[in-house]
Amino acid sequence: MGTNKWELSAERLRRRTDPAIFSFHSTEELPPLQKIIGQERAVRAIDFGINITSDGYNIFAVGRPGSGRTTVVRQFLTRQAEKRPVPPEWCYVYNFEDPRRPKALSFPAGRATRFRKGMKELIQQLRQELPRAFEGEHYEQRRREIMLEIQQKQQELFRNLEQYLNERGFALLRTQMGLTIAPMLNGEILSSEAYQKLDPEIRKRFEDRRPELQEQFDKTMRQARELDRQARQAMENLNNELAGFVVDHLMADLREEFADCPKAIEYLDAVRGDVLQNLQNFLSGTEGESSPLPFIPRVREQWFERYTINVLAENSGPHAPVIIEDNPTYHNLIGRIEHRAELGTMVTDFTQIRAGALHRANGGYLVVEAKDLLLNPLAWMGLKRALRSHQIKIEEMTQYYGLLATTTLEPEPIPLDVKVVIIGDELVYQLLYIHDEDFRELFKVKAQFAVDLPRDEAADDYARFIGDLCRREGLRHFDPTAVARLIDEAARLADSQKKVTTHFADVADLVREASFWAERNGRELVTEEDVRAAVQERTYRLNYAAERYVETVQDGVILIDTEGAVVGQVNGISVIELGNFEFGLPSRITARTYVGRAGVVSIEREVKMSGPIHDKGQLILASYLASRFAQKHPLTMSASLTFEQLYSGVEGDSASSTELYALISSLAEVPIKQNLAVTGSVNQFGQIQAIGGVNAKIEGFFDVCKARGLTGDQGVLIPVANIQHLMLRDDVVEAVREGKFHIYAISRVEEGIELLTGMPAGEPDEEGNYPEGTVYARVQAKLQEYAERMKKEEGGAEEEERDNPGDEEPSPEEDEPEPPTEGK
């Protein structure tokens with residue numbers, strides 16, 4: 001049977017885009033791209049999540065890093081935000097009733113800053129105009145009238161009291177200690193000594209009158225104190241009347257401007273009351289004053305900060321905000337309360353409250369990366385709490401943990417209206433969905449970003465994407481040949497002839513690099529040659545490790561045969577990823593078979609250098625052998641399999657068919673062609689299954705063969721299912737076209753055996769025997785030989801055991817059991 005039926009032509013190894021499908025001369029002619037390429041599923045999910053108003057419909061965008069998730073989300077959210085009004089602004093103000101609980105005020109967009117400026121100007125004017133008002137002639141006249149009136153009333157009281165006392169033989173004395181009552185005799189005030197020398201009868205008469213006089217004295221003094229109180233009240237009323245007039249006059253413009261903000265008017269009322277209550281602070285002033293304590297003026301100035309308006313976030317944009325938080329710590333998300341050092345201690349007030357991303361995004365959209373958010377568990381908890389409660393509550397972290405019982409601020413929570421978009425990968429989404437109940441309730445919309453898109457639908461969109469990027473970054477535009485070549489490279493990035501990648505970060509880098517080489521080559525438009533040069537230069541920058549490996553093969557350090565035929569030895573291929581570059585790594589896989597019952601033993605598995613998927617593949621190939629050769633008798637054999645010169649772990653089942661070929665070759669004692677390499681996994685029915693990295697694997701073996709010199713019979717066996725993934729390098733395709741290299745696509749183990757050995761595998765007859773001259777007939781014969789040897793060996797052992805039964809009677813001492821020992 002010939003081998004040509006499995007060989008692929010050069011045309012099937014790389015699908016090329018025909019530049020003739022484009023009608024433009026340059027991408028500069030193309031209109032801007034008005035859609036997001038290849039992400040209809042994600043776009044519809046985001047559109048749904050944004051527009052639904054029910055609770056919990058926040059969005060988790062799932063996609064590969066670098067696939068443009070953040071760019072796509074930002075672009076889409078910006079377009080949606082343009083349709084929404086600018087949200088109100090929030091600020092914190094002093095709470096005159098409870099300073100520990102600052103109040104939150106809301107203003108229409110742009111007016112919070114105007115209110116802050118208006119309040120600053122108002123306080124400055126009050127500090128200037130109030131002292132002037134109290135220094136005016138009108139105020140002084142009113143004050144003198146009040147004081148004169150009170151003094152006249154007090155004098156009248158004291159005259160009446162003095163007259164009352166004089167009529168009863170007493171006088172009213174004014175001393176340094178105040179007013180007092182003293183007895184009189186014959187119009188003369190008696191001293192203490194003279195009073196003591198009086199006749200007892202006279203003294204008794206004075207003493208009898210004293211309680212009545214004292215009562216009248218106390219009554220008069222109470223009336224005098226009441227007049228003092230009335231004087232103070234009258235002065236206070238006067239001060240408040242004058243100050244209120246000044247305050248109302250200066251505050252009138254603010255009241256008129258913010259009449260539509262009830263909370264602002266309420267705050268202005270509170271400010272008016274506080275100014276009148278603390279009028280002396282406005283009248284004292286600080287200009288020209290000196291103090292023995294230098295911090296006194298500073299403290300006095302800080303007192304006026306209570307009238308500051310702390311605007312948290314200014315919404316100066318033309319539409320709802322779209323905030324992308326790159327460092328979502330707790331404070332950056334929720335906000336913080338800062339402190340300042342004063343006189344050796346840390347103090348704070350409402351002016352030290354700082355906004356977080358939620359404040360800036362309130363009324364719009366917030367975008368965060370899942371990995372950055374989850375690295376800050378407290379931030380994740382704070383975000384969930386804010387979304388559950390629909391409000392932003394700023395707390396200090398020590399208060400959140402309950403570590404310190406210090407006095408701190410408790411700002412009034414701010415209502416929250418935001419859509420949150422978290423960007424992450426599939427693993428993070430699944431872990432959160434399974435283990436975090438809050439996540440399931442708060443992020444009900446999954447926006448899945450595709451990793452690729454149909455190639456036939458992408459050509460025009462790719463061309464427009466290139467045009468947009470060139471216009472935006474000032475790059476050289478592409479001609480049709482360059483666009484076609486770029487689409488081919490995008491398909492290669494996707495490892496597919498039918499699809500192209502949506503990893504537009506890599507595509508954009510290729511556009512930039514191709515533009516560079518076009519400029520270097522003096523071309524106004526980027527051509528196919530420039531794109532090819534960009535790819536080749538990038539490969540050259542990254543493939544140092546691959547070239548070093550080929551050198552070690554050439555030098556004989558790594559043993560790889562590319563000519564001849566060897567029993568039990570096959571060239572396998574694995575893929576190595578180093579950062580953003582991957583390459584194929586040919587390796588020698590060997591098998592040895594011998595008499596025994598151990599079955600198939602993987603040396604890597606025994607020394608724990610293999611992963612579970614690789615181990616599964618080896619168990620499957622053992623199952624295939626048993627299904628072929630153990631239908632009548634047990635499979636009696638021992639075999640060992642290994643990757644020669646493997647010094648690191650191995651994982652994956654793409655080498656399971658390769659190991660099976662080596663095993664069958666060893667059993668049949670049929671040599672395998674070393675000019676061929678093999679990749680592909682196998683199932684229990686002998687079917688060859690698709691594998692990943694097929695292009696890198698083929699190119700890896702090709703590079704080794706090319707370094708040694710192509711002989712014309714070298715090639716690689718791949719699964720038929722991987723034909724659609726072939727996007728090989730130009731030099732590999734050209735070598736195949738010239739007959740210097742070959743690619744074979746197979747679907748069954750038997751086809752691979754025939755290609756590798758030149759002999760048919762064979763099919764069993766009705767009795768389960770394979771025809772002579774086939775590989776499987778030789779395997780069957782070898783297994784029967786092993787079985788007979790095992791039977792003979794086991795039979796001889798049984799006969800020897802009968803000849804030496806070893807059944808002598810044990811001595812009494814030997815019958816005695818051994819005493820128990822520790823650990824038995």
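Helices here are DSSP runs of H or I at least four residues long, numbered from the N terminus. One such run in this predicted model is helix α20, residues 528-542, which holds both Glu 529 and Arg 532, three residues apart, or about one turn of the helix. These two side chains form a salt bridge, with the closest N and O atoms 2.5 Å apart. Side chains of opposite charge can pair when their charged atoms come close. Glu 529 has a relative accessible area of 46% and is partly exposed, whereas Arg 532, at 17%, counts as buried. The pair also belongs to a network of salt bridges, whose members include Arg 14, Arg 16, Arg 485 and Asp 730.

A second example sits in helix α6, residues 200-257, where Arg 229 and Glu 226 are three residues apart and so separated by about one helical turn. Their side chains meet in a salt bridge at 2.5 Å, N to O. Arg 229 is partly exposed at 39% relative accessibility, and Glu 226 is partly exposed at 32%.

The next salt bridge joins Asp 436 and Lys 384, at 3.0 Å from N to O. Asp 436 lies in the loop between α15 and α16, and Lys 384 lies in helix α13, so the pair ties together parts that are 52 residues apart in sequence. Both Asp 436 and Lys 384 are buried. Across the model the count of salt bridges comes to 59.

Aromatic rings form pairs too, and their count comes to 30. In one of them, the rings of Tyr 429 and Phe 439 have centres 5.6 Å apart and planes at 75°; the pair is edge-to-face because planes over 60 degrees apart count as such. Tyr 429 is in helix α15 and Phe 439 in helix α16, so this pair ties together parts 10 residues apart in sequence. Tyr 429 is buried, with a relative accessible area of 8%, and Phe 439 is buried at 0%.

Tyr 462 and Phe 504 form a tilted pair, 5.5 Å centre to centre, with 40° between the planes. Tyr 462 lies in helix α17 and Phe 504 in helix α19, so the parts tied together here are 42 residues apart in sequence. Tyr 462 and Phe 504 are both buried.

Ring pairs can also link up into a cluster, and one such cluster includes Tyr 94, Phe 258, Trp 303 and Phe 304. The ring of Phe 304 has the charged end of Arg 127 over it, 3.8 Å from the ring centre. Likewise, the charged end of Arg 440 sits over the ring of Tyr 433, 5.8 Å from its centre.

Definitions and conventions:
Residues are numbered from 1 along each chain as its sequence is written. This is a predicted model: local features need pLDDT of at least 70, side-chain atom pairs count only at pLDDT 80 or more; totals for chains, interfaces and linings use all residues. Side-chain values use heavy atoms; hydrogens and water are left out. A salt bridge is a side-chain nitrogen of Lys or Arg within 4 Å of a carboxyl oxygen of Asp or Glu. Helices (H or I, at least four residues) and strands (E, at least two) are DSSP runs, numbered from the N terminus. Buried means under 20% relative accessible area, exposed over 50%, partly exposed in between (1.4 Å probe, protein chains only). Rings of Phe, Tyr and Trp (its six-membered ring) pair if their centres lie within 6.5 Å; planes under 30 degrees apart count as stacked, over 60 as edge-to-face and the rest as tilted. A charge sits over a ring if NZ of Lys or CZ of Arg is within 6 Å of the ring centre and within 35 degrees of the ring normal.
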